[in-house]
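Visitor: I am new to this structure. Please pick one part of it and take me through that part closely.

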Amino acid sequence: MRPRGSISLRLGLAAAVAYFVAHSFGWDALALLMKPMPVLCLLAFLLPVRNRDAALIAVGLVLSALGDVLLAASPALFLPGLVAFLLAHVAYVVAYLGRTGRMQLPRLMPVALFSAAAFHLLEPHLGAMRGPVIAYMVVISMMLWRAMATIGADGTGGLRPWLATIGAWMFAVSDLMVAWSRFVDPEAGLQVPLMLLYWAGQTAIASSTRRD
């Protein structure tokens, strides 16, 4: 790992710790400042961007950081935050499609089961947000499918496709936790596990990128 990359990851870890401290003590301004920092440090880890794949993942990270700020700033900004994350997932889908165009339809099965179960749990509580949430779930399902399609696609058995897949699933589960806290049980106390999953997922996705 390059020295600058190592420094970026360490700064991201420090920012994550600072966020949890601020969240625990109710320091809202500091928590808002720290929340997007781990993802922005992942962006610094990717720099300089030298290929299309890395550029798309970088776009996804920027949009995710924007979504972090919007979701944390105000409940009224939930829909713009949702749109920012939806576009981040679109960027990841396009990146994964660039890695392989193989259909791998059987790998849709676990994705379809997960999405159907998640929608079954959320749907009675969605109200006017039903349409946007369905659109979001379609896009994140595409991301999961295309991430899984990369496994074995290059014939090398390398680690990158697995990182992409594990990262996508972590991201999806953290999104489900966000939706549960927003629509079903605001007192569920999921902020710590969902942020850990989210940051771990983004780290895996960024690490799956070819940086040459």
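Guide: The helices themselves are DSSP runs of H or I with at least four residues, while strands are runs of E with at least two, and both are numbered from the N terminus. The model is predicted, so local features need a pLDDT of at least 70 and side-chain atom pairs count only at pLDDT 80 or more, whereas totals for chains, interfaces and linings use all residues. Residues are numbered from 1 along each chain as its sequence is written, and side-chain values use heavy atoms, with hydrogens and water left out.

By that definition, the crossing of α4 and α9 is left-handed. Their axes (lines fitted to C-alpha atoms, for helices over the stretch in contact, with angles from 0 to 180 degrees between N-to-C directions) come within 10 Å and cross at roughly 165°. Angles under 35 degrees count as roughly parallel, over 145 as roughly antiparallel, 65 to 115 as roughly perpendicular and the rest as oblique. α4 and α9 are therefore roughly antiparallel to each other. Contact means heavy atoms within 4.5 Å; here it is made by I57, L61, S64 and D68 of α4 with Y198, Q202, I205 and A206 of α9. By class, the contact of α4 with α9 has five nonpolar, two polar and one charged residues. In this sorting, Ala, Val, Leu, Ile, Met, Phe, Trp, Tyr, Cys and Pro count as nonpolar, Asp, Glu, Lys and Arg as charged, and the others, Gly among them, as polar.

Helix α4 (residues 52-73) also packs with helix α3 (residues 37-46), at an angle of about 165° and with the axes 9 Å apart. That angle makes α3 roughly antiparallel to α4, and α3 passes α4 in a left-handed crossing. From α3, the contact uses V39, L40, L42, L43 and L46, and from α4 it uses A54, I57, A58, L61, V62, S64, A65 and D68. The contact of α3 with α4 has 11 nonpolar residues, one polar and one charged. Helix α3 is mostly covered, with seven of its 10 residues buried. Buried means under 20% relative accessible area, exposed over 50%, and partly exposed in between, using a 1.4 Å probe and protein chains only. The buried residues of α3 are P38, V39, C41, L42, L43, F45 and L46.

The loop between α3 and α4 holds P48, and a cis peptide bond with omega of about -5° joins L47 to P48. Most peptide bonds are trans, and most residues other than glycine have a negative phi. In the loop between α5 and α6, Q104 has a phi near 50°, a positive value in a residue other than glycine. Q104 counts as buried because its relative accessibility is 17%. Apart from its neighbours within four places in sequence, Q104 is in contact with W145 and A149.

Next comes α8. Its 25 residues should span 36 Å at 1.5 Å a residue, and its end C-alpha atoms are 35 Å apart, which agrees; the expected span is 1.5 Å times one less than the number of residues. The buried residues of α8 include P161, A164, F171, D175 and F183. As a group, the buried residues of α8 pack against α4, α5 (78-99), α6 (108-122), α7 and α9 (191-207).

The pair α5 and α8 has axes that come within 13 Å and cross at roughly 165°, so α5 and α8 are roughly antiparallel to each other. The crossing of α5 and α8 is left-handed. F78, F85, H89, Y92, Y96 and R99 of α5 meet A164, F171, D175, V178, R182 and F183 of α8. This contact of α5 with α8 has eight nonpolar, one polar and three charged residues.

Two residues remain. G152 is in the loop between α7 (130-149) and α8 (160-184), and at 44% relative accessibility G152 counts as partly exposed. A200 lies in helix α9, and at 31% relative accessibility A200 also counts as partly exposed.

Methods:
A crossing is left-handed if the near helix is turned anticlockwise from the far one by less than a right angle, and right-handed if clockwise.
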